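Reader: I have a new model on screen. Please show me how to read its features, step by step.

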Amino acid sequence: MQQELIKKLEDVVDLVDHAVSNPDIELSYCIPEVAMTTDNPDVSGDPYIHLKYVSNGTHTMEQNIPIKHNYLKKTPEDIANLVTFYIEQFIEQIDSVENGAQ
C-alpha cells in the first residue's frame, strides 16, 4: 500500500474515532498496514470498519462498513463523513425496529 494512502486511512481512523462518542458503539478496524484491531480480520476484500452496537443494553448488532476502492479518491474528511453517516443510519434503523416504527 502506498505511503500516501496509508496516511489518508490513518487520518480516517482518527477522524472516525473522534466523531463516534456513543458508549453503545464499539468500532474495530481491518485496514491492513494502518489499523488491525478486529479479532478475526477478513483481509480478502476491501478494508473495513467493524461496527458493534448494543441496542437498549440488550441486543448486539454488528455490521462491517467497507471502505470501497472508489472512496479512496476522496479526502479523509469525506471518507470519515461517509462512515459516520453510515453508522448513524445503521443505529437509526436498529432503534426504529427495536422501538417499533412510528
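Author: Start with the elements. Helices (H or I, at least four residues) and strands (E, at least two) are DSSP runs, numbered from the N terminus. Here the chain follows the pattern α-β-β-β-β-α along the sequence. That gives two helices and four strands.

Reader: Which conventions apply to the model and its numbering?

Author: This is a predicted model: local features need pLDDT of at least 70, side-chain atom pairs count only at pLDDT 80 or more, and totals for chains, interfaces and linings use all residues. Residues are numbered from 1 along each chain as its sequence is written, and side-chain values use heavy atoms, with hydrogens and water left out.

Reader: How does the radius of gyration of the chain stand against that of a compact globule?

Author: Take the rule before the case. The radius of gyration is taken over C-alpha atoms, and the globule rule is 2.2 Å times the number of residues to the power 0.38. For 102 residues, a compact globule would have a radius near 13 Å; the chain has 14 Å, which agrees.

Reader: What are the accessible surface and the buried share of the chain?

Author: Accessible areas come from the Shrake-Rupley method with a 1.4 Å probe; for residues, only the protein chains shown count as cover. The accessible surface of the chain comes to about 6,500 Å². Carbon and sulfur atoms hold 47% of that surface. For single residues, buried means under 20% relative accessible area, exposed over 50%, and partly exposed in between (1.4 Å probe, protein chains only). Of the 102 residues, 34% are buried.

Reader: How far apart are the mean positions of the positive and negative charges?

Author: Lys and Arg count as positive and Asp and Glu as negative; His and the chain ends are not counted. Each charge is placed at NZ of Lys, CZ of Arg, CG of Asp or CD of Glu. The chain has 6 positive and 18 negative charges, and their mean positions are 9 Å apart.

Reader: Now the sheet. What is the order of the strands?

Author: Two strands pair if DSSP finds at least two bridges between them. The four strands form an open sheet with the order β2-β1-β3-β4 and antiparallel pairing. β2 (35-36) and β4 (59-66) are at the edges with a single partner strand each, so one side of each is left without a neighbour in the sheet.

Reader: Which strands does β1 pair with, and over how many bridges?

Author: β1 (residues 25-31) pairs with β2 over two bridges, antiparallel. Cys30 stands opposite Met36 in β2. β1 also pairs with β3 (residues 48-55), antiparallel, over six bridges. There, Ile25 stands opposite Tyr53 in β3. Six of the seven residues of β1 are buried, so β1 is largely enclosed by the rest of the structure.

Reader: Where does Glu33 lie, and what is its phi?

Author: Glu33 is in the loop between β1 and β2. The hairpin of these strands has three residues between them. Phi of Glu33 is near 70°, a positive value in a residue other than glycine. Glu33 has 52% relative accessibility, so it counts as exposed.

Reader: What share of the chain's contacts joins residues at least 24 apart?

Author: Among contacts between residues at least 6 apart in sequence, the share is 43%.

Notes: Contact = heavy atoms within 4.5 Å.
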